[in-house]
Amino acid sequence: MVVMKGLETEEEGFKPALLGAGGGNGFPPNFSPPDFHPSENWKPAAAGTHVGLMKDPPLPRNGPTNFIQPTQQQGAVMMVYGLDNGTANTDKLFNLFCLYGNVVRIKFLKTKEGTAMVQMGDAIAVERCVQHLNNIPIGNDGKIQIAFSKQNFLSEVTNPYTLPDHTPSFKEYTGSKNNRFLSLTQASKNRIQPPSKILHFFNTPPGLTDEQLIAAFGSNDCHPSQVRMFPLKSERSSSGLVEFPSVALAVQAIMKCNHTAIDHKGTKFPFIMKLCFSSSKTMNGAWNNENIENMKQGSAIPTTPGVEDEPMQAR
């Protein structure tokens, strides 16, 4: 069922609201949650619990986004304006917004070019996106604006139109393994950071060289200015840092290159490279932060944000 045109046009000119209480995930009635296996100690929030960034006690910055349906107040849908109509698509938006919460559905509006609606796992994920991504530059001359939507959820679009890049204008992500907040264990490994010109990369093949990594970015027309690999003793996967000339180009790299498949000899399936923003403004600072955190944890292997217990490979 396509969202009514009247509801879409109602969003035009809608301004960002103050960050407030929320707790719903925006799922429509009778919508089944995705299959996932949380940690043993994970328990969903009680129905009717209101959580927020200003009025209520603060949540952990990297708490899990729950695919459940409690009583709703602020919805879990946001408007995204200012997208490049010729190149933007659902997967590129997913690659960026998945850093701040689970992504449920993404829909581009046919009646308003360069505008999309994104349903997140709950209102807190929307608040994170508004806080960190509103008015950020993208690429050489782009900028996006993000605002809370008046809708509580996005209805399924059975016959989406085709975007200029020949991909569908609507996509469902509830079953995506690339969502990073499906359990407390997963969520605890995510670092909620504003955009930075330095990115962490992880879940890449062991023995990956600087040249291979640069080629992986280059295949998506993204060109880092500096790469630094973390020395790992494990043979399961590799990780490190990559720097871009500007924050805008780093954001573009997240959108284009996050979840890029990288082949590796000796494995049947390619590794799925994951990216996230670094908290440091310099490569040396990011490197030192990784080593300090690693020493605190008493591990010989630098911590990689969001990495699974086993390397994630495409199937």
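Reader: What share of the protein chain's contacts with a separation of 6 or more comes from residues 24 or more positions apart?
Author: The share is 77%, where a contact means heavy atoms within 4.5 Å. This is a predicted model, in which local features need pLDDT of at least 70 and side-chain atom pairs count only at pLDDT 80 or more, while totals for chains, interfaces and linings use all residues. Residues are numbered from 1 along each chain as its sequence is written, and side-chain values use heavy atoms, with hydrogens and water left out.

Reader: What makes strand β11 largely enclosed by the rest of the structure?
Author: 6 of the 6 residues in β11 (residues 238–243) are buried, so the strand is largely enclosed. In a regular strand, side chains alternate between the two faces of the sheet. For β11, Ser-238, Gly-240 and Val-242 are buried on one side, and Ser-239, Leu-241 and Glu-243 on the other.

Reader: How do you know that β9 and β10 pair with β11?
Author: Pairing requires DSSP to find at least two bridges between two strands. Strand β9 (residues 198–204) has 5 bridges to β11, and β10 (residues 226–229) has 4, so both meet the rule. Both pairings are antiparallel. Leu-199 stands opposite Val-242, and Gln-226 has Glu-243 as its bridge partner.

Reader: What makes the lining of the largest cavity nonpolar, polar or charged by class?
Author: Ala, Val, Leu, Ile, Met, Phe, Trp, Tyr, Cys and Pro count as nonpolar, Asp, Glu, Lys and Arg as charged, and the others, Gly among them, as polar. The lining has 6 nonpolar, 2 polar and 2 charged residues; among them are Cys-98, Tyr-100, Arg-180 and Asn-190. A cavity is a set of points on a 1 Å grid over the protein atoms alone where a 1.4 Å probe fits but cannot get out, and lining residues have an atom within 4 Å of a point.

Key. On a 1 Å grid over the protein atoms alone, a cavity is a set of points where a 1.4 Å probe fits but cannot get out, and a pocket is an open set with protein on both sides within 12 Å along at least five of seven lines; lining residues have an atom within 4 Å of a point. Buried means under 20% relative accessible area, exposed over 50%, partly exposed in between (1.4 Å probe, protein chains only). Helices (H or I, at least four residues) and strands (E, at least two) are DSSP runs, numbered from the N terminus.
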